[in-house]
Amino acid sequence: MDPLYAEGELLTIHNAFHQGQYQKVIDFDTSSLSAENALPGRMLQLRAQIARGQAEEVLADIEGEDEVPDLAAVKALAQYSIGSTTEATKEAEYLATTSSDNMMVQILCGTVLQAAGKGEEALALLAKHSGSLEAVALIVQIHLQQNRTDLALKEVQAARKWAQDSLLVNIAESWVGLRLGGEKYQQAFYEFEEMPVCQAVAEIHLGRLPETEAALQQAIQRNPDDVEAISNSIVLNVLSGKDATELIE
C-alpha cells in the first residue's frame, strides 16, 4: 500500500502537494517526522521545489546521493525539468530496469518516460506498483493523453474499489470527468475546490468566465510562475475578448 495513502503524519504535506500548494510543502516542518517518513517527506519537498522551478537547487541538494533509488529518480526528474532530457531519460530507463519495485522510481521515472514520448514504457513501469495511488493517477493521466478515456475510466473504477474516497482517486476521477463532459463538469468543479487551476478549467467548461478569472488570480497569487495558470489566463482572455499580449510576453 502507498505509504502516503490514508492517514498519518504525512497526510497534510501529501494533500498539499497534490493540491498544488507547493510553497506550503516546501515550508512544512519535517523535523518531527519519524525515521520511516523522513525520506518520503523529503521527497515531497524536493518534488515541490521542482514544481516551483527550483530544479537546480534540488540537484545541488541531492548531489552524491544517487545510491538511493528515490533520490536518483528525483534527480532524473530535475534533470528533465532543466532541459537535460537525454540524460534524464537514460537515467529513468536505467532505474526502470534496476529498481522497478521502488515506488518513487515508478512514479518519477514514469513521469520522465511519458514526457519523453515513451508512454508504453512508462505504463509498463507503473503497472508494477503495489497499491500506489500516485501510480494510479499517473496511469490515468497517460491514458487521457493517449485519448483512451475508456482505459482511464477503467483504472479509476478499479482503484475506487480499494481506495474509496481518497483525494488522489477523486482528482483522477475528475480528470476523466472533464474529458467525458456534461454533468461531470460540475462534479469536477466541486472536487477541484482547493485546486484553483483545475477549478478554473472546470469553470471554463461550465461557461462561468468571471469565476474562472477569480480562480486563476488565486492560483497566480499562490505561485506567480505557475505556467498552467498563466496559459489558462491567456485562454480566458481570448474567450473574453481581452488583450492577452502582456501574459504572452
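Hi everyone, let's start with helix 11, residues 167–180: its 14 residues reach 20 Å from first C-alpha to last, close to the expected 20 Å (1.5 Å times one less than its number of residues). Helices here are DSSP runs of H or I, at least four residues, numbered from the N terminus.

A word on the source: this is a predicted model, where local features need pLDDT of at least 70 and side-chain atom pairs count only at pLDDT 80 or more, while totals for chains, interfaces and linings use all residues. Residues are numbered from 1 along each chain as its sequence is written, and side-chain values use heavy atoms, leaving out hydrogens and water.

Back to helix 11: it is largely enclosed by the rest of the structure, because 11 of its 14 residues are buried (under 20% relative accessible area with a 1.4 Å probe, protein chains only; exposed is over 50%, partly exposed in between). Among the buried ones are N170, W175 and G177. Just after the helix, G181 has a positive phi of about 80°.

Of its 33 residues, M43, L46, V74, L108 and C109 touch the most other members. Helix 7 gives this core its largest share, eight residues. Another core, of 16 residues, lies apart and includes I171 and V176.

And which residues does L108 contact, leaving aside neighbours within four places in sequence? They are M43, R47, D70, A73, V74 and L77, with contact meaning heavy atoms within 4.5 Å.

Technical notes: A nonpolar core is a set of buried Ala, Val, Leu, Ile, Met, Phe, Trp, Tyr and Cys residues joined through side-chain atoms within 4.5 Å. Helices (H or I, at least four residues) and strands (E, at least two) are DSSP runs, numbered from the N terminus.
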